[in-house]
Each structure stands twice: as C-alpha cells, then as structure tokens.
Amino acid sequence: MKGPRFSAGRGSRRAEHVSDTRRALVEAARRLFAERGYAATGTEDIVGAARVTRGALYHHFRDKADLFRAVMAECAQEMAERLVEQETRRAEREPGDAWQLLRTGFQSFLDACTDPDFQRIVLIEGPAVLGHSAWDALVEEHGYLLLAEALTEAIRDNQIEELPLAPLTRMLAALISEASLYIARAEDHGRARQEAGLVLDRLLAGLSAPTVTSGA
C-alpha cells in the first residue's frame, strides 16, 4: 500500500509560511525603525506589527540587532539596485564617457541619501547600532566593484589621470561615504545635499586628465 502523496505539498506550504513570517518581521521592523529609530523600537512592537509570536522572531533572528542587520542590508541592496537601473537607463538615453557618467552617478547617490528609509536606517542608525564596520561592509559589497570597473574604463580612455586603482577606489568610496553621512546628519538635508554635491564634483574635477591642445 502506497503512502500519502501530499508530503511534498505540505513541505512547500511550510516553506512558504516560514518565508512569509520572515518577510512580515522584516517589513514591520523596517517601518518601525524608520519611524521611531532602533532604540525606541522594542521587540514586542515588532512582533505586534508583524502579527507573529515572539518565538517566531527568535526562530529567524538571534536578537533585535540581528533583525536590524537584515533590514539595513535590504535597504542598502534596494538602493543599490535602484541606482544601477537608473544610471543604466541614463547611459542609454545620454551616451557619454565613463568618467562623466560616474560623476553623474555620484550625484544620483547623494540624491538617494535624502530618501527617508535609507537615511534613517542605513546612514544614521546603522553605524550607531552595528558600528562603522557594518557600513564599510555595505560599501564594499555594493560599491567597490562597480566603482573600480568605472575607474578602470576612465583611465583606459584617458579621461582621468592614471593612478593606482586600489587606493583610488577606496579613497573615492570614503569620500562618497563621508558626503552621505554629512547629508544624513545635517539639520537641513536639502542644503547639505547641495553643498556636498558641489564640493564632491569640484574634487572629482581635479582627477580629470589634462586636455592636450593641438599645436602645443
């Protein structure tokens, strides 16, 4: 006599339930962390908003900090994907050299730093809760490779001066990081965005390769 054939279906439904529970926790925590901040949000607030048990929270995450880490990673990944898609479309509409596209992309990132969720969770709460190493890890995960590729192309096409790639990438990433934190921590985010963008582009202009005029 053959056994029941619905065991695979049960397993699939259980996996969906587990995924839905985790999703509910992350969404609820993200909303509360953005509205109240990490310190003012308790685990009871999160499980209540997610409509799950406290046991479910600790099944998926070690503690509140671990849940915050997942929320921060999600916010950063969403912003990175949004910027890549946006700048890819821009490059298709407005073809230009790699260096100019990169400078424009930097300005787009500074615009993104005024997004409420990204600003509060990633730029303000993230370093305070998890330490600056967590922010550095996100920059390395989502920024270093793309930045190094763009700089390599700009150097190859003689758009910027040839400099050692590794320190150039890290120093530019640190510059962008500090600009983003300056915007997030300012009382007037709009003014800080304008100021940071102006200073950043002026500094980047100094990397441009000298223009060689004919007959010189």
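User: Is Leu168 buried or exposed?

Analyst: This is a predicted model, and burial is read from the relative accessible area, with buried meaning under 20%. Leu168 has a relative accessible area of 9%, so Leu168 is buried. Leu168 lies in helix α8.

User: Which residues is Leu168 in contact with, leaving aside its neighbours within four places in sequence?

Analyst: A contact here means heavy atoms within 4.5 Å. With those neighbours left out, Leu168 touches Leu151, Ile155, Ile160, Leu163 and Leu207. Take Leu151 from that list. Leu151 and Leu168 are 17 residues apart along the chain, and their C-alpha atoms are separated by 8.5 Å.

User: Why does Gln107 count as buried?

Analyst: The cut-off is again under 20%. Gln107 has a relative accessible area of 18%, and therefore counts as buried. Gln107 is part of helix α5. Beyond its neighbours within four places in sequence, Gln107 is in contact with Arg193, Gly197, Leu200 and Asp201.

User: Which residues touch the most other members of the largest nonpolar core?

Analyst: A nonpolar core is a set of buried nonpolar side chains joined through atoms within 4.5 Å. The largest one here has 59 residues, and Ile121 and Val122 touch the most other members. Elements giving two or more residues to this core include α1 (7–36), α4 (64–93) and α9 (189–205). Helix α7 gives the most, with ten residues.

User: What is Ile121 in contact with, apart from its neighbours within four places in sequence?

Analyst: The contacts of Ile121 are Arg30, Phe33, Ala34, Phe68, Val71, Met72, Cys75 and Gly126.

User: At what angle do α6 and α7 pack?

Analyst: Helix packing is read from the angle between the two axes and the distance between them. Helix α6 (residues 116–130) and helix α7 (residues 132–156) pack at about 125°, and their axes are 6 Å apart. The two helices are therefore oblique to each other.

User: Which residues of α6 and α7 meet?

Analyst: From α6 come Val122, Leu123, Pro127 and Leu130; from α7 come His132, Ser133, Ala134, Trp135 and Leu138. Sorted by class, this contact has seven nonpolar residues, two polar ones and no charged ones.

User: Where does UniProt place the feature "DNA-binding region"?

Analyst: A record's feature can be located by its residue numbers and then compared with the model. The unreviewed UniProt entry places "DNA-binding region" at residues 42–61. In the model, that span is 75% helix and 0% strand, and its end C-alpha atoms lie 14 Å apart.

Conventions: Residues numbered from 1 in each chain as written. Predicted model: local features only at pLDDT ≥ 70, side-chain atom pairs only at ≥ 80, totals over all residues. Heavy atoms only, no water. Axes fitted to C-alpha atoms, helices over the stretch in contact; angles between N-to-C directions. Helix = DSSP H or I, 4+ residues; strand = E, 2+ residues; numbered from the N terminus. Parallel < 35°, antiparallel > 145°, perpendicular 65-115°, else oblique. Nonpolar A, V, L, I, M, F, W, Y, C, P; charged D, E, K, R; others polar. UniProt positions renumbered as here; feature names shortened; annotations may be inferred. Buried < 20%, exposed > 50% of the residue type's maximum accessible area, 1.4 Å probe, protein only.
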